[in-house]
Amino acid sequence: MKKGETLVILDAPLLIETGMHKVMNSVIVVYVTPETQLKRLMERDKIDEELAKAKITSQMDLQKKCTLANFVVDNGGSVQQSEKRVKEILDQLAKKKVWLTRNRLILVLVVFLLFFLYLYL
């Protein structure tokens, strides 16, 4: 990025549920299978399966979020695969000059905890 250009990443799991995704320039959803989502949530929060399922079902279905996204990162593979996809997305945004216009602010929603990309480093 050049001086005066800004990229903002907004990690807001409920942004789609509140309808605020409609005012974003681009939306990225980080996706995993329901089984992986459950396993990672239980490990991260050190909670049992019942509580983890309750937390997951309290949010909008991840598949539905994917249909509303401009970009989807499948985070079910390796960290390197996820990082490659993120770089591809940033390259696509750069080619469209969505966020490479001077003094332009883009808000990118990253739903479902981007830190999963780095969880297993």
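Reader: Which exposed residues sit on the face of α4 turned away from its buried side?

Author: Gln80, Lys84, Lys87 and Lys95. Exposed means over 50% relative accessible area. Note that this is a predicted model.

Reader: Which residues of α4 are called buried?

Author: Val79, Ser82, Ile89 and Leu93. The cut-off for buried is under 20% relative accessible area.

Reader: How do you know that the buried residues of α4 line one face?

Author: Look down the axis of α4. Its buried residues fall within an arc of 90 degrees, so they line one face of the helix. The general rule: an α-helix has 3.6 residues a turn, so residues three or four places apart point the same way.

Reader: How does the reach of α4 compare with the expected span?

Author: Helix α4 has 17 residues, 79-95. From first C-alpha to last, α4 reaches 24 Å, close to the 24 Å expected at 1.5 Å a residue.

Reader: Why is Lys46 called exposed?

Author: Lys46 has a relative accessible area of 72%. The cut-off is over 50%, so Lys46 counts as exposed. Lys46 lies in the loop between α1 (34-45) and α2 (49-57).

Reader: What makes the phi of Lys46 worth a remark?

Author: Its value is near 55 degrees, which is positive, and Lys46 is not a glycine. Most residues other than glycine have a negative phi.

Reader: How do α1 and α2 cross?

Author: Their axes come within 9 Å and cross at roughly 115 degrees. The crossing is right-handed. Residues making the contact include Leu38 and Leu41 of α1 and Ala52 and Ile56 of α2. The contact residues divide into 5 nonpolar, 1 polar and 4 charged.

How values were computed
Residues are numbered from 1 along each chain as its sequence is written. This is a predicted model: local features need pLDDT of at least 70, side-chain atom pairs count only at pLDDT 80 or more; totals for chains, interfaces and linings use all residues. Side-chain values use heavy atoms; hydrogens and water are left out. Helices (H or I, at least four residues) and strands (E, at least two) are DSSP runs, numbered from the N terminus. The expected span of a helix is 1.5 Å times one less than its number of residues. Buried means under 20% relative accessible area, exposed over 50%, partly exposed in between (1.4 Å probe, protein chains only). The arc is that of the directions from the helix axis to the C-beta atoms. Axes are lines fitted to C-alpha atoms, for helices over the stretch in contact, and angles run from 0 to 180 degrees between N-to-C directions. A crossing is left-handed if the near helix is turned anticlockwise from the far one by less than a right angle, and right-handed if clockwise. Contact means heavy atoms within 4.5 Å. Ala, Val, Leu, Ile, Met, Phe, Trp, Tyr, Cys and Pro count as nonpolar, Asp, Glu, Lys and Arg as charged, and the others, Gly among them, as polar.
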